[in-house]
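My entries follow in the order I made them.

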Amino acid sequence: MTGFLLTAGVFILLTVLLGLVSILRGPGDAVRLMAVQLLGTGGVAALLLLGSAIDLTATTDLALVLALLSGFAAVAFSVALGRAPAASSDDRHGSDPPDDSPAGD
Amino acid sequence: MSLANAFTMVFVSLGALAFFASWVGLLRFPDALSRLHALSKADNLGLGLVVVGLLPQASWPFGVLKLVALWLVSVLIGGATGQMLAGVIHANAGQISDDRETRPDTGAKSAARANPETAS
Amino acid sequence: MPGLPLPDPRWADVPLALASLGLALWLTLTRRDRAAVIGFTGYGLLVGLVWVRLGSVDVALTEAALGGGLMGLLLLIAVRRLGDGTALSPPPALLTRLLVGLLCLAVTLGLAAVVLGLPSPAPSLVEAVAQHQALTELGNPVAAVLIAFRAVDTLLESVVLALAVIVLWSFGADRAWGLRPRALDIGPPSSALLLLGRLLPPVGLIVGVHLFWTGADHPGGPFQGGAVLAAMAALVWLTRLGEPPPVDDWLTRLGIVVGPLLFLVIGLSGVVVADAFLGYPEAFTKPLILLIETAKTLSIAVALALLVAGPPELPGSMSTGQPATTESRVTG
């Protein structure tokens, strides 16, 4: 059983590590954040599975902390984009741009 | 092989498969919102299946309770996070679905934008 | 069907190491601030897993709590305030960058040489700690080292945290002294964010206290517990379900100093009672340690939360996210 659990844990870990390719490639920051979320959830699953070999109480605690804080990256991301900063926002969204609406509106 | 072990092997394998599917979706789906769909459904499902699979192996009562609590927390956070991210992606569609340079030439972009106003 | 044989740990180790290095390289080279911060959060998770693999779950817990929670929030708020697209100053010259790169390379190679050149088995104090651990009645050797054998270091660290808060507050404008910090006051939260703000903090409170309490015998401790509690406080302030306290609130200031102060008082009394600064009398070792750790957790939680909340600010200042420079350029 331990062998199976460890193998499954390693498999999940490798899968979410491959997700890091999405961080590098993008396109766009939303996908990067999603890759981090995947890493978090996969990390929780891998820790639960690998924990049987190390120290189950400790890894379950770590998995709990990871699960709890996995939402934080998403919260921080949505906070960082709360109101689109003036410089790079394009006017087609209508999300209150400051005075620079182009003539062709 | 005992029933508990068979149960664990089946569910954990399904969970691993769900994580793999989530990764494929993240990589291959065309746009941010569909990738978010892949992420929030498949990887929460994967975690849920793994947790269910591990329940027969956990110690009773506290091991089981901890696992269930962990799963509940993940599901609740995953749901709220998915909604929040969807809202952010939808509202900021242009900015975060592709990569544009964060440091444009100083003045060139805004000068180009200002010109049509002064020209018209 | 018999269980599978144990997999070779290198199947996990090599990809982890490669992924960490690759991500770190990308982080250094990328030009996009926000993408770099997101990648940095992921990097923190990776490093946490590496720590687990190295057998140090205490450090992994700290990495997860700080890197995954507070650091990402702090950095993304900073990216937002700096604006995505303003170059505040010209980038450093090529020569400077080359020199910095060479210096970093030298440090890395030096560290690698030291670590790889250690005799095997490497000298360590593990047995010495194991021998004397029973005196502290703590099951977690890391906790024993932190609070009993190297208590001076821990005391100094808790003082440093209080100093950091003072330094951060000194960044506020003179007119803003006595007001509340506003860096986390981003705007009305979306309904999903509000849900998280109501759901997570109670759970986080339990997890944080559990981490602190279990640190006596299992990986955990005041720092990890305090970091999780601080993250929950930041979330509450972020979603406007509560407000950060004004900087002249005496209760907050008491919270910041109670940890180091109590530690110091007990340490000084140890001179009289137990023949050494920070010595604990044998009869009261465990209760004293618990008292110190409780105060420490509280102070760490308060200090870390305040560090994320920022300096005191006048209402309606920069935190609304519109950097002044871009407006003047666009309308000019």
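I note here that the model is predicted.

Next I listed who makes the contact. From α4(A) I have Thr60(A), Ala63(A), Leu64(A), Ala67(A), Leu68(A), Ser70(A), Gly71(A), Ala74(A), Phe77(A) and Ser78(A). From α3(B) come Lys66(B), Leu70(B), Val73(B), Ser74(B), Ile77(B), Ala80(B), Thr81(B), Met84(B), Leu85(B) and Val88(B). I sorted the residues of this contact by type: 13 are nonpolar, six polar and one charged.

**Chain A**

I then took chain A as a whole. It has four helices and zero strands. Along the sequence the pattern reads α-α-α-α. Of its 105 residues, 67% count as buried. I also checked contacts in chain A between residues at least 6 apart in sequence; 48% of them join residues at least 24 apart.

I looked at helix α3 (residues 29–50) of chain A separately. This helix has 22 residues and spans 31 Å from first C-alpha to last, close to the 32 Å expected at 1.5 Å a residue.

**Chain C against chain A**

How many residues does each chain bring to this contact? I have 61 residues from chain C and 51 residues from chain A. On the chain C side, α1 (10–29), α2 (33–53), α3 (57–82), α8 (191–214), α9 (222–238) and α12 (324–331) each supply at least two residues. The largest share, 13 residues, comes from α3(C). By type, the side of chain C that touches chain A divides into 38 nonpolar, 19 polar and four charged residues.

**Nonpolar core**

Last, I looked up the largest nonpolar core. It has 148 residues. Those with the most contacts inside it are Leu62(A), Val65(A), Ala230(C), Ala231(C) and Ala234(C). Which helix gives the largest share of this core? I got helix α4 (residues 56–80) of chain A, with 17 residues.

I followed up on Ala234(C). Leaving out residues up to four places away in sequence, Ala234(C) touches Leu70(C), Leu73(C), Leu184(C), Ala305(C) and Val308(C).

How values were computed
Residues numbered from 1 in each chain as written. Chains lettered and ligands numbered in written order. Predicted model: local features only at pLDDT ≥ 70, side-chain atom pairs only at ≥ 80, totals over all residues. Contact = placed C-beta atoms within 7 Å. Nonpolar A, V, L, I, M, F, W, Y, C, P; charged D, E, K, R; others polar. Core = buried A, V, L, I, M, F, W, Y, C linked by C-beta atoms within 7 Å. Buried ≥ 20, exposed ≤ 12 C-beta atoms within 10 Å, placed from the backbone. Expected span 1.5 Å × (residues − 1).
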